[in-house]
Amino acid sequence: MSRYVCNVCGWSYDEEVGMPDNGIPAGTKFEDLSDEFVCELCGVGKDDFTKED
């Protein structure tokens, strides 16, 4: 499982945790998120996230 970090505000999406409060279950891969997915804090889209090593 990987973590993806927003390039704008630094918020991160952790595939292992998901976003259960937003209907995204734990274990959901970043690539499987809807194209409408946006950063929880600043609202930018998936294109503004970088995979964390």
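Buried denotes a relative accessible area under 20%, exposed one over 50%, and partly exposed anything in between, with a 1.4 Å probe and protein chains only. By that criterion, Phe30 and Phe37 are both buried. The model is predicted: local features require pLDDT of at least 70, side-chain atom pairs count only at pLDDT 80 or more, and totals for chains, interfaces and linings use all residues. Residues are numbered from 1 along each chain as its sequence is written, and side-chain values rest on heavy atoms, with hydrogens and water left out.

**Sheet architecture**

- Strands (E, at least two residues) and helices (H or I, at least four) are DSSP runs numbered from the N terminus, and two strands pair if DSSP finds at least two bridges between them.
- The sheet is open and consists of three strands in the order β2-β1-β3, with antiparallel pairing.
- Its edge strands, each pairing on one side only, are β2 (12-14) and β3 (49-52).
- From one strand to the next the twist averages 25 degrees, where axes are lines fitted to C-alpha atoms (for helices, over the stretch in contact) and angles run from 0 to 180 degrees between N-to-C directions.
- In general, strands of a sheet pair through backbone hydrogen bonds, either parallel or antiparallel.

- Strand β1 (residues 3-6) is joined to β3 by four bridges, and the two run antiparallel.
- In this pairing, Cys6 stands opposite Phe49 in β3, while the bridge partner of Tyr4 in β3 is Lys51.
- Three bridges join β1 to β2, again antiparallel, and here Arg3 stands opposite Asp14 in β2.
- The hairpin of β1 and β2 has five residues between the strands, and within this hairpin Gly10 takes a positive phi near 90 degrees.

**Asp14 in strand β2**

- Asp14 is found in strand β2 and is buried, with a relative accessible area of 18%.
- The side chains of Asp14 and Arg3 are joined by a polar contact of 3.1 Å; such a contact is a pair of N or O atoms within 3.5 Å, where within protein one must be able to donate a hydrogen and the other to accept it, and residues adjacent in sequence count only if both atoms are side-chain atoms.
- Apart from neighbours within four places in sequence, Asp14 is in contact (heavy atoms within 4.5 Å) with Ser2 and Arg3.

**Aromatic cluster**

- Rings of Phe, Tyr and Trp (its six-membered ring) pair if their centres lie within 6.5 Å; planes under 30 degrees apart count as stacked, over 60 as edge-to-face and the rest as tilted.
- By this rule the count comes to seven aromatic pairs.
- The rings of Tyr13 and Phe30 have centres 6.1 Å apart and planes at 50 degrees, so this pair is tilted.
- Because Tyr13 lies in strand β2 and Phe30 in the loop between β2 and β3, the pair ties together parts that are 17 residues apart in sequence.
- Tyr13 is buried at 0% relative accessibility, and Phe30 is buried at 8%.
- Phe30 and Phe37 form an edge-to-face pair, with 6.0 Å centre to centre and 80 degrees between the planes.
- One aromatic cluster is formed by Tyr4, Trp11, Tyr13, Phe30, Phe37 and Phe49.
- Lys46 lies over the face of Phe30, at 5.4 Å from the ring centre; a charge sits over a ring if NZ of Lys or CZ of Arg is within 6 Å of the ring centre and within 35 degrees of the ring normal.

**Loop between β2 and β3**

- Phe37 lies in this loop, and its relative accessibility is 8%, which counts as buried.
- Leaving aside neighbours within four places in sequence, Phe37 is in contact with Trp11, Tyr13, Met19, Ile24, Phe30, Val44, Gly45, Lys46 and Phe49.
- Phe37 and Asp47 are 10 residues apart in sequence, and their C-alpha atoms are 9.9 Å apart in space.
- Thr28 is also placed in the loop between β2 and β3 and counts as buried at 16% relative accessibility.
- A polar atom of the Thr28 side chain lies 2.7 Å from the backbone oxygen of Pro25.
- Not counting residues up to four places away in sequence, Thr28 touches Tyr13, Glu15 and Leu33.
- Ser34, in the loop between β2 and β3, counts as partly exposed at 39% relative accessibility.
- The side chain of Ser34 makes a polar contact of 2.7 Å with the side chain of Glu36.
- Ser34 and Ser2 are 32 residues apart in sequence and 17 Å apart in space, C-alpha to C-alpha.
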